[in-house]
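Visitor: I have a new model on screen. Can you walk me through what is worth a look?
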Amino acid sequence: MLDGIAAGLSEVVADPARVLTAPAVLDRLSHDFYWYSPVLRPILKDKTADVAVQPKDVGEILAILRFAGQHEIPVTVRGAGTGNYGQCVPLEGGIVLDLALMDKLEEIVPDGVAVCQPGLRLAVLETEARKQGWELRMYPSTLVKASVGGFLAGGSGGIGSVAHGGLRDFDTVRGFEVVTMEDPPRIVRHEGASVHEILHAWGTNGVLTRIWFALAPAVEWTQWTAVFDTYLEAFRFTQSIAVDPAWTKRLATVFEWPIPSFFTPVKQVVREGKALALIMIENSQVEALNAAAKTAGGEVTFSGRFDGPRTQPLLSDYTWNHTTLWAMKADPAYTYLQCGFSPTECEEQFRRLRDRYGNEILFHIEFMKNGDGVIVPGAIPVVRFTTEERLNDMIAYCRSIGVFVANPHVNYLEDGGRFRADNIQLLAKQRYDPRGLLNPGKMISFRKEAAVR
């Protein structure tokens, strides 16, 4: 089967060298950072594609999908592979469609919308945008490696979300073109509300090929940290900055001890036993932030300009889900959850979780604006893993006390917290991939018989 797939793909791409069959290459291109989850690790570690192919244009993608459809071969789309849930792991073998070579920034139009291909790295877009007076509205902590297409297919928010919300908010994704897995495949343009058919669907219902991505006017930022004697002091201070529109901020994060002890490359910003606040603030507001922190009982431990993705230290490397990575480096028993706390009842929710689980859960808050414009305490708490049953108990208890959980320990959309209740992603899959060949197994509510019918 391998030889047949490779031979067929070699006939539909201009350069057969872009059809990849070496086992080590297939292993690399078939996996992402799913191993953050001790539940997914044994399930996904041996899953690999039969062949990988790297198209360079939309014409080749159409030809690849036409070939795959004719032979009923599964196709799993890959961005940069920086996701944490096994989005790009092929459960049924077949073809990995690696979009790394489709990485052009076509233009930034005068109203601040980037027109680009899906393989464009977010760090490149941030750098080029700032040259023209713009910047990314939000980006993940994997800024340097992550691609625009992968972020749209599997991401939710990141640095900047405290000001601009998540990817599905405030018209950030203006539109894109998608190649379908119909017979024959075709290019479909999505704009406005229809983008939600495809956003955060893990490539299960179409292949992103061209993207219109809204930017924000560039701001001169300072990275800033302060420590506080207790977690609640750090949390309340950071929350006061996050919710007050007078502060121009790109990031507002707080970590309880001992999470800051895991950040060994930036140990100079940490103080033993103290909670840490990390904020990106507009340059002209630094002195006022220093004064506010002192009044709140904090000690400022770092202040330095952000000059783009190459800034050292790049403190966003310690926020969002990079926090989990540093925890796992310190102790492999750590994993994480993805939570949303109540903006009004969060301290009571913290208390109840601490009473029930003790230090099995360590609080790490990322403030972000929701679709209604309310600043909420998003959270990627660090969790000590013992058993899957204990982890599921923690998830169930969170939900029982009003804490939203997007479960990062499942490999399908529906329990990942981002599947739409109106089923438009499922309806799009039924329409655009009726044979169920795109990333099969990741949308478990899909039934091939229903799609065909």
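Guide: One term before we start. Buried means under 20% relative accessible area, and exposed means over 50%. Keep in mind that this is a predicted model.

Visitor: Fine. What share of the 453 residues counts as buried?
Guide: 60% of them.

Visitor: How many helices and strands are there?
Guide: The protein has 14 helices and 21 strands.

Visitor: What about the radius of gyration?
Guide: The value is 22 Å. A compact globule of 453 residues would come out near 22 Å, so the two agree. The C-alpha atoms fill a box of roughly 70 × 50 × 40 Å along the principal axes.

Visitor: And the accessible surface?
Guide: About 17300 Å². Carbon and sulfur atoms own 52% of that.

Visitor: How much of the contact list comes from residues 24 or more positions apart?
Guide: 71%, counting contacts with a separation of 6 or more.

Visitor: Let's zoom in. Which residues of helix 11 are buried?
Guide: Cys346, Gln349, Phe350, Leu353 and Tyr357. Seen down the helix axis, they fall within an arc of 100°, so they line one face of helix 11.

Visitor: What covers the buried residues of helix 11?
Guide: The cover includes helix 8 (231-243) and helix 12 (388-400). Strand 17 (361-362), strand 18 (364-369) and strand 19 (375-379) are also part of it.

Visitor: What span does helix 11 reach?
Guide: Helix 11 runs over residues 346-357, which is 12 residues. From first C-alpha to last it reaches 16 Å, close to the expected 16 Å. Gly358 follows the helix, with a positive phi near 55°.

Visitor: Now helix 10. Is it enclosed or open?
Guide: Largely enclosed by the rest of the structure, because 7 of its 9 residues are buried. Those are His322, Thr323, Thr324, Leu325, Trp326, Ala327 and Met328.

Visitor: What do the buried residues of helix 10 pack against?
Guide: Helix 3 (40-44), strand 12 (249-255), strand 15 (334-336), strand 18 and strand 20 (382-384). Strand 18 also came up in the cover of helix 11.

Visitor: Switching to single residues. Where does Thr301 lie?
Guide: In strand 14, residues 299-306. Thr301 has 14% relative accessibility, so it counts as buried. Its side chain makes a polar contact with the side chain of Thr225, at 2.7 Å.

Visitor: What else does Thr301 touch?
Guide: Leaving out residues up to four places away in sequence, Thr301 touches Thr225, Ala226, Val227, Gln268, Val269 and Arg271.

Visitor: And Thr172, buried or exposed?
Guide: Buried, because its relative accessibility is 1%. Thr172 sits in the loop between helix 7 (161-164) and strand 8 (173-179).

Visitor: Which side chain does the Thr172 side chain make a polar contact with?
Guide: That of Arg137, at 3.0 Å. Beyond four places in sequence, Thr172 touches several residues, including Met138, His164, Trp212 and Phe213.

Visitor: Last one. Where is Val410?
Guide: In the loop between strand 21 (404-405) and helix 13 (424-432). Val410 is buried too, with a relative accessible area of 12%.

Visitor: What separates the C-alpha atoms of Val410 and Arg130?
Guide: 37 Å, with the two residues 280 apart along the chain.

Note on methods: Residues are numbered from 1 along each chain as its sequence is written. This is a predicted model: local features need pLDDT of at least 70, side-chain atom pairs count only at pLDDT 80 or more; totals for chains, interfaces and linings use all residues. Side-chain values use heavy atoms; hydrogens and water are left out. Helices (H or I, at least four residues) and strands (E, at least two) are DSSP runs, numbered from the N terminus. The expected span of a helix is 1.5 Å times one less than its number of residues. Buried means under 20% relative accessible area, exposed over 50%, partly exposed in between (1.4 Å probe, protein chains only). The arc is that of the directions from the helix axis to the C-beta atoms. Contact means heavy atoms within 4.5 Å. The radius of gyration is taken over C-alpha atoms; the globule rule is 2.2 Å times the number of residues to the power 0.38. Accessible areas come from the Shrake-Rupley method with a 1.4 Å probe; for residues, only the protein chains shown count as cover. A polar contact is a pair of N or O atoms within 3.5 Å; within protein, one must be able to donate a hydrogen and the other to accept it, and residues adjacent in sequence count only if both atoms are side-chain atoms.
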